[in-house]
Amino acid sequence: MKKWECTICSYIHEGDEPPDECPLCGADKSEFVEVKDEAIEQATAAPEAVAATPTVTSPAPQKTMPASAPLHGIQALIDKHHLHPITVHTPNGIIPMAVFFVFLLVFFGSPSLGKAALYSYTFVLLSMPVVLFTGYSMWKTRYRGAMTSLFKIKITASVIATILLATLVLWGFGQPSVLEPNSSGRAAYLFFSLIMLAAVGIAGHLGGKLIFSSRKG
Ligand code: FE
């Protein structure tokens, strides 16, 4: 049985032919290269012998840029230290809690809950430039900027979440009464908060899928 590796996400497929589409990242069949079992066996038997033996039938595309360019140096550091998975815990951790505050405000009522949600949203919004930049950098370096179905959905979800987050922050500060317990707009505020939460969940889920289901963890 042959083994094929997706050069975008490192998913391994077993079969006579590569799949038409990568089940993990959605990359086209042409992105797969055959992995030679002999190389894997050699790696098990004598790891030092593998250094001179390519593990795929064609060379994997260059994934890192020369260190001479400052931006590429930063991108290499971001990748090496996993800065996107680290920084993305800010929206993934705080937004569910803040949406819960809005939920409590709408159904049980307390002005302090509205303020807690607004300040939480603001903190997350301030972190978003770093989250988005590290995500963009990781996509460009580790995944070669591939626009497969997974990345299209993930990028779209991230953009929707960021736009909704900015809207909710501007709305909360521009019209503070919306976060009062009996305001007429509080249900709409909760509705947009829930859509944002769903978008954050989708982006986070796909990121976790990439990290934990491929060999590039
Ligand atoms: Fe893939």
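Helices (H or I, at least four residues) and strands (E, at least two) are DSSP runs, numbered from the N terminus. This is a predicted model: local features need pLDDT of at least 70, side-chain atom pairs count only at pLDDT 80 or more, and totals for chains, interfaces and linings use all residues. Residues are numbered from 1 along each chain as its sequence is written, and side-chain values use heavy atoms, with hydrogens and water left out.

**View A. Four cysteines hold the donors of the iron ion.** The protein donors are C6 (SG), C9 (SG), C22 (SG) and C25 (SG), and they lie 2.3 Å from the iron ion. Donors are N, O and S atoms within 2.8 Å of the metal (3.2 Å for Na, K and Ca); water is not among the atoms, so sites may look incomplete. Along the chain, the spacing of the donors reads C-x2-C-x12-C-x2-C. C22 and C25 are both buried (under 20% relative accessible area; exposed is over 50%, partly exposed in between; 1.4 Å probe, protein chains only).

**View B. The iron site is tetrahedral.** Around the iron ion, the 4 donor atoms subtend angles of 103 to 114°. Four donors count as tetrahedral if all angles lie between 85 and 135 degrees.

**View C. S10 has a positive phi.** S10 sits in the loop between β1 (3–6) and β2 (12–14). Its phi is near 75°, yet S10 is not a glycine. S10 is buried, at 7% relative accessible area.

**View D. R144 also has a positive phi.** The angle is about 55°, and R144 is not a glycine. R144 lies in the loop between α5 (111–142) and α6 (149–174). R144 is partly exposed, with a relative accessible area of 27%.

Terms used:
Tetrahedral: all angles 85-135°; square planar, octahedral: opposite > 155°, others 65-115°.
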